[in-house]
Amino acid sequence: MDNINIIIRPLVTEKSTRQQETRNAYSFQVHQHANKQQIRDAVEKLYSVKVKDVRTMNRRGKPRRAKYKMTTTSAWKRAVVVLDENSRIDLF
């Protein structure tokens, strides 16, 4: 897996925006099979920053109704990356 396929997209929500301002932490949707070291390397290379810590969580799909039956949305993996105090990512 290369760095472009590991990071799928940055997550821009109210909670992630607050974490960017207070803790210098950024949230990303990442590949299901990526581990913390691969995520760290991908963020450092793509954004040219110094990563301090990586936390990951697997998000299960939610049940949804589709016409006459119940289905689930797809499961995905979220990574919260804490950067060094001198590093910033400009997402906008």
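Modeller: Before we start, a helix here is a DSSP run of H or I with at least four residues, a strand is a run of E with at least two, and both are numbered from the N terminus. In this predicted model, that places Asn 24 in the loop between H2 and strand S2 (25-30).

Biologist: What makes the backbone of Asn 24 worth a look?

Modeller: Its phi is positive, about 60 degrees, although Asn 24 is not a glycine. Most residues other than glycine have a negative phi. Ser 48 is another case, with a positive phi of about 55 degrees, and it is not a glycine either.

Biologist: Where is Ser 48, and is this residue buried or exposed?

Modeller: Ser 48 lies in the loop between helix H3 (36-47) and S3. The cut-off for exposed is over 50%; Ser 48 has 65% relative accessibility, so it is exposed.

Biologist: Let's turn to Ser 16 in helix H2 (residues 14-22). How do you know that Ser 16 is buried?

Modeller: Its relative accessibility is 0%, and because that falls under 20%, Ser 16 counts as buried.

Biologist: What does the side chain of Ser 16 reach, and why is that called a polar contact?

Modeller: The side chain reaches the backbone oxygen of Leu 11 at 3.0 Å. A polar contact needs N or O atoms within 3.5 Å, one able to donate a hydrogen and the other to accept it, so the pair qualifies. Leaving out residues up to four places away in sequence, Ser 16 touches Leu 11, Ala 25 and Ser 27.

Biologist: How many salt bridges are there, and what makes Glu 85 and Lys 52 one of them?

Modeller: The count is two. For Glu 85 and Lys 52, the closest N and O atoms are 3.8 Å apart; the limit is 4 Å, so the pair is a salt bridge. Glu 85 is in the segment after strand S6 (76-83) and Lys 52 in strand S3 (residues 51-59), so by these DSSP assignments the pair links distant parts of the chain, 33 residues apart.

Biologist: Why is Glu 85 called exposed?

Modeller: Because its relative accessibility is 56%, over the 50% cut-off.

Biologist: Which residues form the salt bridge with Arg 55 as a partner, and why are both called partly exposed?

Modeller: Arg 55 pairs with Asp 53, with closest N and O atoms 3.8 Å apart. Arg 55 has 30% and Asp 53 has 32%, so each counts as partly exposed.

Biologist: Asn 86 also lies in the segment after S6. What makes it exposed?

Modeller: Its relative accessible area is 68%, which means it passes the 50% cut-off.

Methods. Residues are numbered from 1 along each chain as its sequence is written. This is a predicted model: local features need pLDDT of at least 70, side-chain atom pairs count only at pLDDT 80 or more; totals for chains, interfaces and linings use all residues. Side-chain values use heavy atoms; hydrogens and water are left out. Buried means under 20% relative accessible area, exposed over 50%, partly exposed in between (1.4 Å probe, protein chains only). Contact means heavy atoms within 4.5 Å. A salt bridge is a side-chain nitrogen of Lys or Arg within 4 Å of a carboxyl oxygen of Asp or Glu.
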